[in-house]
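Please look through the sequence and the structure below, and then follow the paragraphs that come after them.

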Amino acid sequence: MPSETPHVASSALTPYHVATLSERPDLLNLHQETGGSAWPEFMLHDPVAVANWGKMMSYFAGDQLSLLVGDKIAAVVNMVPLKVDADFGKLPDTGVDWGVEKSVSDHEAGIRPNALMGLQVVVAKEFRGKKFSGIATREVIAHARRHKLEFVVLPVRPNEKHLYPLIPMADYIHWKNPEGLPFDSWLRVHKRLGGDMISICHKSMIIPGTVGEWGDWTGQSFPGSGRYIVPFALNPIDIDLERDRGLYVEPNVWVVHHVAV
Ligand SMILES: CC(C)(COP(=O)(O)OP(=O)(O)OC[C@H]1O[C@@H](n2cnc3c(N)ncnc32)[C@H](O)[C@@H]1OP(=O)(O)O)[C@@H](O)C(=O)NCCC(=O)NCCS
């Protein structure tokens, strides 16, 4: 559905407009570069996401948003439609990987979606700190409403958790700031917009690699087997030299927004 209506980012007073990749296929490369540039290399090697990315961009081009300020991309939003059980307690432990596969298989089986799953919101570096994360999240909810989808479900990656890799997610998500809101800024954005924190999806992304690949992805040496802290990973990674294997299991947090359709 066209959404090339001008919007005003009121809190930032930065006028922007929204274009989907169906409306602006010419933006595909810049859109993907902006999205990918926010992540450490290892996050780009989740086999499930890699195997399905092309299909998602093709099947769901109309659900990939670029927030444009002039001709610059200020933020990108990637999301996929899927059918979820309204008993959110059943949202699986396998978060992102589950949603990626389900969106593709639902589409191929002709199953009507009732939800949008958010995969990522990335604010381009030069536009950070201007409240675009909340603006982008509002656009996700508005997009769901336009498409008559009742729920927005997100396996949220709390964006400061990487600074506390030894703290269990179950403790971290309950940390509060002095105002009594979530300590984590990304969880705070969702809370302010009415999102409900449902559960932790402990195995949201599973990223295996050889020890050599982990060395290439991180620039670190892994001289012995054991658990290692790696910058920007939310938990330590496991290295097994005998099996020549490194494994990162990323935990996320299911957050649900109910959409008034
Ligand atoms: C997370 C991200 C989307 C935030 O976007 P942003 O536009 O810079 O943030 P905003 O200006 O909207 O601020 C949102 C909140 O985060 C806080 N914040 C922003 N950057 C922060 C930082 N580096 N450290 C701590 N808090 C931060 C702000 O203070 C604000 O909280 P408040 O309103 O309670 O004061 C952006 O940093 C980003 O794209 N990061 C990389 C990708 C990512 O982690 N995406 C989220 C998971 S998919």
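**The ligand and its surroundings**

An oxygen atom of the ligand lies 2.8 Å from a polar backbone atom of Val-123, a polar contact being a pair of N or O atoms within 3.5 Å, where within protein one must be able to donate a hydrogen and the other to accept it, and residues adjacent in sequence count only if both atoms are side-chain atoms. The model is predicted, so that local features need pLDDT of at least 70 and side-chain atom pairs count only at pLDDT 80 or more, while totals for chains, interfaces and linings use all residues. Residues are numbered from 1 along each chain as its sequence is written, and side-chain values use heavy atoms, with hydrogens and water left out.

A backbone N or O atom of Lys-131 is 2.7 Å from an oxygen atom of the ligand, and for a polar backbone atom of Lys-130 the distance to an oxygen atom of the ligand is 3.3 Å. Taken alone, the ligand exposes 910 Å², of which the protein buries 73% (accessible areas come from the Shrake-Rupley method with a 1.4 Å probe, and for residues only the protein chains shown count as cover).

The largest share of the shell around the ligand, five residues, is given by α6, a helix that spans residues 185-192 and holds Trp-186 (helices are DSSP runs of H or I with at least four residues, strands runs of E with at least two, numbered from the N terminus). Trp-186 touches Val-121 and Ser-133, among others, contact meaning heavy atoms within 4.5 Å.

Key. Lists of a residue's contacts leave out its neighbours within four places in sequence.
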